[in-house]
Amino acid sequence: MKKQIVLLVALGILFLAFQSFSPDTPPEKEFPEEISILLKTSCYDCHYTGATAEKALKAANFEEWEGYRLTKKVALLGEIGKVVEEGKMPPEKYLEHKPENKLSEKQVKLLLEWTEQEAEKLMQGN
Amino acid sequence: MSRIIKIVGIGLIVLLLVAQFFRPDLNSEAVDPELDLLALTSPPEHIASMLRTACYDCHSNQTVYPWYRKVSPVSWYLNSHIQNGKAELNFSEYGSLDKADRIGLLVETCEVVEAGTMPIQSYLLLHQEARLTPENRDALCNWTEEEALKIMRE
């Protein structure tokens, strides 16, 4: 019994200690919250580690965003803006299954503004 | 039976002959030094020649044509490839892109070459000289990255 209490306390301490070691900022932290939500809803199903769409993952994997080099980030931002503006992404086939994930005009505009600002920021920061 | 074959044969020959009168316009404009990638970035010669032999035939306004381009329907086939290639990416208009798009183009160029999706197989069949070795690819990617970083610093 005593042993168990000790164990429990030890576990409790460990648990508390782990709190200060929160994992590195998750990738979406780099994005403003409203953008992060949009990306999660309309892009992550195919463009985030764990997705089965190999081609999509290769083109862009948001989980690896932080690891992408600067030029790749700028390139991707431009590409995101383009495909979203042209309505190519999310693709029709995907929307057939998940029509609720279609981006509204307002959301497209929001994404576009963000991609442009972010790319500009990255270019100036360099 | 043999009469049918004869008629079909003659029909095909006539069609082929008529087809020769429909030759698409050549994709060979003068280089615009204000817009062309090679003119604007003047890469080292080995990079420039790689881009010219492996990319420029379909991704610029200066195709170097093989002799068989004069024969229709081959000429149509080539032309559709060139038009599609240019619609996707045209190095002759590089200068008209904004900074982010120029960076995007450079990064993309490296990626498709690294992945081996470009140059396309059908092109390589007839253009041995466009085959890129792993060293070629690395050199090209180093250059595109350098150039992209240069743009970022502009």
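Tutor: Accessible areas come from the Shrake-Rupley method with a 1.4 Å probe, and for residues only the protein chains shown count as cover. The model is predicted: local features need pLDDT of at least 70, side-chain atom pairs count only at pLDDT 80 or more, and totals for chains, interfaces and linings use all residues. Residues are numbered from 1 along each chain as its sequence is written, chains are lettered from A and ligands numbered from 1 in the order in which they are written, and side-chain values use heavy atoms, with hydrogens and water left out.

Student: What does the accessible surface of chain A come to?

Tutor: About 8900 Å², of which 60% belongs to carbon and sulfur atoms. Of the 126 residues in chain A, 36% are buried (under 20% relative accessible area; exposed is over 50%, partly exposed in between; 1.4 Å probe, protein chains only).

Student: How many helices and strands does chain A have?

Tutor: Chain A has six helices and zero strands. Helices (H or I, at least four residues) and strands (E, at least two) are DSSP runs, numbered from the N terminus.

Student: Now the cysteines. How many disulfides are there over all chains?

Tutor: The search finds one, counting a pair of cysteine sulfur atoms within 2.5 Å. Cys110(B) is joined to Cys141(B), with 2.2 Å from S to S. The link is right-handed, with 100° about the S-S bond.

Student: Which parts does that pair tie together?

Tutor: Cys110(B) lies in helix H5 (residues 99–115) of chain B and Cys141(B) in helix H7 (residues 134–153) of chain B, so the pair connects parts 31 residues apart in sequence. Cys110(B) is buried, at 9% relative accessible area, and Cys141(B) is buried, also at 9%.

Student: Changing topic, at what angle do the axes of H4(A) and H7(B) cross?

Tutor: The axes of helix H4 (residues 70–85) of chain A and H7(B) cross at roughly 75° and come within 10 Å. Axes are lines fitted to C-alpha atoms, for helices over the stretch in contact, and angles run from 0 to 180 degrees between N-to-C directions.

Student: Which residues of H4(A) meet H7(B)?

Tutor: Leu70(A), Thr71(A) and Val74(A) meet Glu145(B), Ala148(B), Leu149(B) and Met152(B), where contact means heavy atoms within 4.5 Å.
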